[in-house]
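Subject: Structure for your review

Hello,

Here is the structure to look over. My notes on what was found follow below it.

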Amino acid sequence: MGSMIIFAKELIWIWTNDISLAEQSYIYLPYIVVGSSFLAMQEMPFNIVIANGFTKYNNILGLSSLFITLPGYWILTKFYGGIGAAITFSFVQFLMTIVYLYLVNRKFIKLPIIKLYAYSFIIPISISIVVTFLLNKYIEVDNTRLMTLFKIGITITTVIVINTLVLIPLEDIK
């Protein structure tokens, strides 16, 4: 997530080979990435709920999210355009992830909620953003698509390795 947020313009430029398009559209990518990341974080709790035949949470949260989503899109898009729509999407997915994870944890997982939030997204996201920011600041490469892609690849690999070492006990890695 951190790499896509920090390297938004570069990724669009590498993908499309159109710097003009990248400069016009990269401002939307961080919001969409945050929303999509939080949506992805709902997948495991969703599978736990489905596996236990308890779809009540999905129905309630899905319907209740409309009370935020519809007015959010309407109001924020009216005042802020595409950024308003992206912010609405990110906010709703963030809120739904927090609530969904809390409810599923309370019913099925039963871990301390702060520990669950910390290991599910606070620590990995923090590491991702900090490491990506630092590597972006201190690694200089030629301004070519290939070298920029190489720099992003090195950054993502480093983030994955550090997150793995921090979040997974060494005896589980062996």
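**Helix H6 against helix H7**

H6 and H7 count as roughly antiparallel to each other, because an angle over 145 degrees is classed that way, with under 35 degrees as roughly parallel, 65 to 115 as roughly perpendicular and the rest as oblique. Their axes come within 8 Å and cross at roughly 160°, H6 being residues 56–80 and H7 residues 82–109. Axes here are lines fitted to C-alpha atoms, for helices over the stretch in contact, and the angles run from 0 to 180 degrees between N-to-C directions. The crossing of H6 past H7 is right-handed, where right-handed is the case in which the near helix is turned clockwise from the far one by less than a right angle, and left-handed the anticlockwise case. The contact of H6 with H7 involves 18 nonpolar, 8 polar and 2 charged residues. In this classification Ala, Val, Leu, Ile, Met, Phe, Trp, Tyr, Cys and Pro are nonpolar, Asp, Glu, Lys and Arg are charged, and the others, Gly among them, are polar.

**Basis of the values**

The model is predicted: local features need pLDDT of at least 70, side-chain atom pairs count only at pLDDT 80 or more, and totals for chains, interfaces and linings use all residues. Residues are numbered from 1 along each chain as its sequence is written, and side-chain values use heavy atoms, with hydrogens and water left out.

**The chain overall**

The protein chain has 10 helices and 0 strands; helices (H or I, at least four residues) and strands (E, at least two) are DSSP runs, numbered from the N terminus. The C-alpha atoms fill a box of roughly 55 × 50 × 25 Å along the principal axes. Of the 174 residues, 31% are buried (under 20% relative accessible area, with exposed over 50% and partly exposed in between; 1.4 Å probe, protein chains only). Taking contacts (heavy atoms within 4.5 Å) between residues at least 6 apart in sequence, 67% join residues at least 24 apart.

Glutamine 42 sits in the loop between helix H4 (29–41) and helix H5 (43–51), and counts as buried at 14% relative accessibility. Its side chain makes a polar contact of 3.2 Å with that of glutamine 93 and another of 3.0 Å with that of threonine 97. A polar contact is a pair of N or O atoms within 3.5 Å; within protein, one must be able to donate a hydrogen and the other to accept it, and residues adjacent in sequence count only if both atoms are side-chain atoms. Beyond four places in sequence, glutamine 42 is in contact with Gln93, Met96, Thr97 and Tyr100.

Tyrosine 100 belongs to helix H7 and is buried, with a relative accessible area of 4%. Its C-alpha atom is 7.2 Å from that of glutamine 42, 58 residues away along the chain. Leaving out residues up to four places away, tyrosine 100 touches Gln42, Pro45, Phe46, Val49, Tyr57, Asn58 and Leu61.

**Helix H8 against helix H9**

The axes of H8 (residues 113–138) and H9 (residues 145–167) come within 9 Å and cross at roughly 140°, and H8 passes H9 in a right-handed crossing. Their contact divides into 10 nonpolar, 6 polar and 1 charged residues. In the loop between H8 and H9 is isoleucine 139, which counts as partly exposed at 26% relative accessibility.

Regards
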